[in-house]
Amino acid sequence: MNKRWERTAWFREARFGMFIHWGLYAIPARGEWVRSVEKLSNEAYEPYFHEFDPDRYDPRAWARAAKAAGQQYAVLTTKHHDGFCLFDSEFTAYKATNSPAQRDLIQEYVEAFRDEGLKVGFYYSLIDWHHEDYPAYGDRIHPMRGNEAFRNKAIQFERYVDYLHAQVKELLTNYGKIDIMWFDFSYDEMTGEKWRATELVHMIRSLQPDIIIDNRLGGNIKASEPEVYAGDFYSPEQIVPPGGIVDQNGLNVPWEACITLNDNWGYHAKDQAYKSPKQVIRALVECISKGGNMLLNVGPDARGEIPKPSLEILSAVGEWMQRNGESIYGCGASELPKPEWGRYTQNGSMLYAHVFDRGIGPLYFSGLKGKIKKARLLADGSELKVSLPWMAEQYSDTASGAFIHLTGAELPDDRDTVIALEIE
Ligand code: H79
């Protein structure tokens, strides 16, 4: 087993986490990219720093919502692209302790999630629109551009990299054990050693030997010999990778799809394009069926509360997870081909049939003839019969397949009905 596989053991078992995007951008409430997309000047963005006063911030409520949803870990933005730090950093004045919040919000987050028994992760933006030594791309209009106010000033990028290293050191020194370091993100020539990534990762691992790191510092996590900084898990954004993720040797790479509940990561007051609980459950199942995790994002508002529609989705997903979590935790891809009616997840000799499409007849299990020892509806434990339908011998694939009869015209759970199969 390689190091990456060992380090990610808990992560691959946990399968489902909560992503939290929270910062000054919750005040304009038009998403976390508002400063860049609307080309807001420093002066235009400055008031939010003096107004940030999250009187409803209760990370224990967030942690309870995550836990009730069946999530086993969380990742919170310690600093997003706008450069504002939710933690008390020695290296900047642009931080929560100097805003009306007047306290270290990261400290409270770590304690609250730990107390609920959840693993704790830090998101840290490599991009920084506030730091005066972050490149502004000359006159090019670039979405990742730095601080417009410093556009014509000669920058010393190494000073920014020192700052990045110093802040990561603070984050991984001052808050006890941290489980995930989630960098966001490299692009064009801004990748790998531009961040002095090898040195950075050595420092991270010396402070937190068990921590896992995403793949967004750059490098090629799929290479046979990945760079030191290539990461422990691959991080697809807003997509479930069609074939899962394998490296150049054909071996599975741990991965985590980050998916947001509507169309923004940070709070957006008008964005009501929420996914349904059914979509979320099926996307989660799709991730597991392809050997990955799902990190599901919420964007708390300026006062510190997770929006009600998000809480409702989390709670519905949690209700499903209560009964069906066995088909998620510790499960991964099955060797069997994807069935017509849904998806498989598997954990050793337990195969979980996630039935999305009832059809009208018995469900067909290709390749499982004589191999199903027991079949139960996971939600209530009731037995299901494995038997051949009338004239089954005349269908082409029946020599190797098995059938399970469902009663009723509708599935018991139209989001995902899970059948637990004990197989040989
Ligand atoms: O932190 C979240 C996002 O802000 C960040 N990564 C996740 C986890 C991210 N999302 N997309 N990107 C980075 C890539 C950049 C997309 C962009 Fe755009 C296209 C930037 C400008 C045009 C999306 C659309 C954001 C603003 C408009």
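Visitor: How do H7 and H8 stand to each other?

Guide: Two packed helices are described by two values, the angle between their axes and the distance between those axes. Here, helix H7 (residues 157–171) and H8 have axes that come within 10 Å and cross at roughly 15°. H7 and H8 are therefore roughly parallel to each other. Under 35 degrees counts as roughly parallel, over 145 as roughly antiparallel, 65 to 115 as roughly perpendicular, and the rest as oblique. The axes are lines fitted to C-alpha atoms, for helices over the stretch in contact; angles run from 0 to 180 degrees between N-to-C directions. Helices (H or I, at least four residues) and strands (E, at least two) are DSSP runs, numbered from the N terminus.

Visitor: What kind of model and numbering am I reading?

Guide: This is a predicted model: local features need pLDDT of at least 70, side-chain atom pairs count only at pLDDT 80 or more, and totals for chains, interfaces and linings use all residues. Residues are numbered from 1 along each chain as its sequence is written.

Visitor: Back to the pair. Which hand has the crossing of H7 and H8?

Guide: H7 and H8 cross right-handed. A crossing is right-handed if the near helix is turned clockwise from the far one by less than a right angle, and left-handed if anticlockwise. On H7, the contact uses His165, Val168 and Lys169; on H8, Leu200, Met203, Ile204 and Leu207. Contact requires C-beta atoms, placed from the backbone, within 7 Å. By class, this contact has five nonpolar residues, one polar and one charged. Ala, Val, Leu, Ile, Met, Phe, Trp, Tyr, Cys and Pro count as nonpolar, Asp, Glu, Lys and Arg as charged, and the others, Gly among them, as polar.

Visitor: At what angle do the axes of H9 and H10 cross?

Guide: At roughly 55°, for helix H9 (residues 277–289) and helix H10 (residues 308–324), whose axes come within 9 Å. H9 and H10 are therefore oblique to each other. H9 passes H10 in a right-handed crossing. Pro277, Val280 and Ile281 of H9 touch Ile313, Ala316, Val317 and Trp320 of H10. That contact of H9 with H10 has seven nonpolar residues, no polar and no charged.

Visitor: How far apart are the axes of H5 and H10?

Guide: The axes of helix H5 (residues 59–69) and H10 are 7 Å apart, at an angle of about 40°. H5 and H10 are therefore oblique to each other. From H5 come Ala65, Ala68 and Ala69; from H10, Leu311, Leu314, Ser315, Val317, Gly318 and Met321. The classes in this contact of H5 with H10 are seven nonpolar, two polar and no charged residues.

Visitor: On to sheets. What is the order of the open sheet of seven strands?

Guide: Strands of a sheet pair through backbone hydrogen bonds, either parallel or antiparallel. In this structure the order is E5-E4-E3-E2-E1-E7-E6, and the pairing is parallel. Strand E5 (212–213) and strand E6 (256–260) are the edges; each pairs on one side only. Pairing here needs at least two DSSP bridges between two strands. Strand E1 (residues 16–20) and strand E2 (residues 73–79) have four bridges, in the parallel sense. Ile20 has Leu76 in E2 as its bridge partner. H9 packs on this sheet, touching E1, E6 and strand E7 (293–298), and its direction makes about 150° with that of E7.

Visitor: In what order do the four strands of the other open sheet run?

Guide: The order is E8-E9-E13-E11, with antiparallel pairing. Its edge strands are strand E8 (342–347) and strand E11 (372–377), each pairing on one side only. Neighbouring strands of this sheet are turned by 20° against each other on average, direction ignored. E8 and strand E9 (residues 350–355) pair over six bridges, antiparallel. Gln346 stands opposite Leu351 in E9. H9 lies across E8 and E9, at about 55° to E8.

Visitor: Now the backbone. Which peptide bond is cis?

Guide: The one from Asp184 to Phe185, with omega near -15°. Phe185 sits in the loop between strand E4 (180–184) and helix H8 (197–207). Check phi too: Arg15 is not a glycine, yet its phi is positive, about 65°. Arg15 lies in the loop between helix H2 (9–14) and E1.

Visitor: How many helices and strands does the chain have?

Guide: The chain has 10 helices and 13 strands. Its radius of gyration is 24 Å, close to the 22 Å from the globule rule for 424 residues, so the chain is as compact as a globular protein of that length. This radius is taken over C-alpha atoms, and the rule is 2.2 Å times the number of residues to the power 0.38. Along the principal axes, the C-alpha atoms fill a box of roughly 80 × 45 × 40 Å.

Note on methods:
Two residues are in contact if their C-beta atoms, placed from the backbone, lie within 7 Å.
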